[in-house]
Amino acid sequence: GVARVDSLLTFPFIQVDDNGDLQLEPPIRKAGTAASEAVERLREAARRDRILSDTLISEDGTTFAISLVLEPKSDDQQLRILERVHSILGDTSAWVSGTPVFRVEANKKTRSEIARFAQATILLLGGYLFWAFRSFRAVIQGLTPGAISALATISLMGSLGVPLSIATMILPSMLTALGCAYSMHLLVACSGGVGPDEIGTRVGHLALPFVLSGLTTAIGLLTLSFVRIDAVTHVGIYGAFGVLVAMFAAVTLLPALIVLQPLRRRPVGIGWDFARLSGAISSHRLSLLVVWILASILFAFGLSKVPVSYTHLTLPTTLC
């Protein structure tokens with residue numbers, strides 16, 4: 001994984017001898033040079049060479065560097081290389097820095113954040129489902145489509161070598177929440193001890209809205225693939241894939257689970273009187289329309305105040 005090593009033992013010190021011949025020997029020779037001569041040669045190199053100063057040796061001469069220039073597409077080797085570097089250094093007083101260090105640490109942080117966010121999402125949604133249905137069975141059934149969707153999406157990304165990033169780390173939590181949203185419709189419709197035949201009928205009524213909703217969400221996410229930033233493109237493509245998996249799991253797998261383990265309890269709020277609300281909406285439809293138009297106009301003023309931040313950095317893959 002290492003393409004080149006730049007150090008005081010390998011980097012050429014460009015100079016011309018008394019005969020006019022060009023010499024490209026390193027500032028410190030590997031053998032056959034007295035210590036005093038090597039130190040003097042190094043001082044002369046640091047004084048005359050523009051590259052060595054502040055690159056491989058500090059201005060005051062108290063610190064030197066060894067730079068490892070890594071091979072292209074060696075991202076999967078960076079953790080191994082860093083571990084090897086630290087094992088070689090041992091207790092030596094040294095600092096290891098560079099883009100690979102940032103990437104490895106960022107990967108560790110991303111993995112821990114993904115696990116934390118996913119756990120928080122599952123706990124919050126699970127608590128909500130238990131409150132709504134007062135049943136652990138509803139928790140498991142409601143979370144299953146989203147969990148399968150998140151697992152399938154991350155597995156696909158791993159199989160294709162697509163790395164997790166700060167942008168794509170939202171996918172597991174997002175897909176779990178979307179899967180739970182799809183599940184909620186079926187859980188409400190099929191709760192209360194509904195028989196298998198009736199479950200099939202109700203699933204048939206909900207299947208078309210499910211499919212249309214899933215396709216609409218997937219198309220919306222796919223539009224992100226037109227953004228020329230890899231992380232955003234990955235969110236669009238693999239997010240759309242995950243939404244379709246969640247939708248199909250909700251239409252096919254979830255009804256089977258409900259038939260095998262029926263929900264005996266109706267959800268909280270099943271007796272709420274929404275007829276009064278719908279009546280009020282119908283009688284004041286013109287006023288509500290005017291209110292929403294005015295609100296939309298008010299919201300539109302904020303569009304001109306939205307700042308856009310775009311930072312594009314091209315960092316060399318160098319380890320010091």
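Trainee: How many helices and strands does the protein chain have?
Mentor: The protein chain has 9 helices and 5 strands. Keep in mind that this is a predicted model.

Trainee: What pattern do they follow along the sequence?
Mentor: Reading along the sequence gives β-β-β-α-β-α-α-α-α-α-α-α-α-β.

Trainee: And what is the radius of gyration of the protein chain?
Mentor: The protein chain has 31 Å. A compact globule of 320 residues would come out near 20 Å. The C-alpha trace spans about 100 × 50 × 30 Å along its principal axes.

Trainee: What share of the residues is buried?
Mentor: Buried residues make up 32% of the 320. The accessible surface of the chain is about 20700 Å². Carbon and sulfur atoms hold 65% of that surface.

Trainee: What about contacts between residues 24 or more positions apart?
Mentor: They account for 69% of the contacts with a separation of 6 or more.

Trainee: Which residues of H3 are buried?
Mentor: Thr99 and Pro100 are among them, and so are Val104, Thr110, Glu113 and Ile114. Further along, the buried ones include Thr121, Leu125, Gly126 and Leu129, as well as Ala132 and Phe133.

Trainee: What happens just after H3?
Mentor: Arg134 takes a positive phi there, about 55°.

Trainee: Next topic. How many salt bridges are there?
Mentor: The structure holds 2. In one of them, the side chains of Arg4 and Asp6 meet at 2.9 Å, N to O.

Trainee: Which side chains does Arg202 meet in a salt bridge?
Mentor: Arg202 meets Glu198, at 3.0 Å, N to O. Both sit in helix H6, residues 196-222.

Trainee: Why can those two pair up along a helix?
Mentor: An α-helix has 3.6 residues a turn, so residues three or four places apart point the same way. Glu198 and Arg202 are 4 residues apart, about one helical turn.

Trainee: How accessible are Glu198 and Arg202?
Mentor: Glu198 is partly exposed at 35% relative accessibility. Arg202 is partly exposed too, at 26%.

Trainee: Last topic, the rings. How many aromatic pairs?
Mentor: The structure holds 3. One of them joins Phe130 and Phe136. That pair is tilted, with 4.7 Å centre to centre and 35° between the planes.

Trainee: Which ring does Tyr182 pair with?
Mentor: Tyr182 pairs with Phe210, also tilted, at 5.7 Å centre to centre and 50° between the planes. Tyr182 lies in helix H5, residues 171-189, and Phe210 in H6, so the pair ties together parts 28 residues apart in sequence.

Trainee: And are Tyr182 and Phe210 buried or exposed?
Mentor: Tyr182 is buried, and Phe210 is buried as well.

Notes. Residues are numbered from 1 along each chain as its sequence is written. This is a predicted model: local features need pLDDT of at least 70, side-chain atom pairs count only at pLDDT 80 or more; totals for chains, interfaces and linings use all residues. Side-chain values use heavy atoms; hydrogens and water are left out. A salt bridge is a side-chain nitrogen of Lys or Arg within 4 Å of a carboxyl oxygen of Asp or Glu. Helices (H or I, at least four residues) and strands (E, at least two) are DSSP runs, numbered from the N terminus. Buried means under 20% relative accessible area, exposed over 50%, partly exposed in between (1.4 Å probe, protein chains only). The radius of gyration is taken over C-alpha atoms; the globule rule is 2.2 Å times the number of residues to the power 0.38. Contact means heavy atoms within 4.5 Å. Accessible areas come from the Shrake-Rupley method with a 1.4 Å probe; for residues, only the protein chains shown count as cover. Rings of Phe, Tyr and Trp (its six-membered ring) pair if their centres lie within 6.5 Å; planes under 30 degrees apart count as stacked, over 60 as edge-to-face and the rest as tilted.
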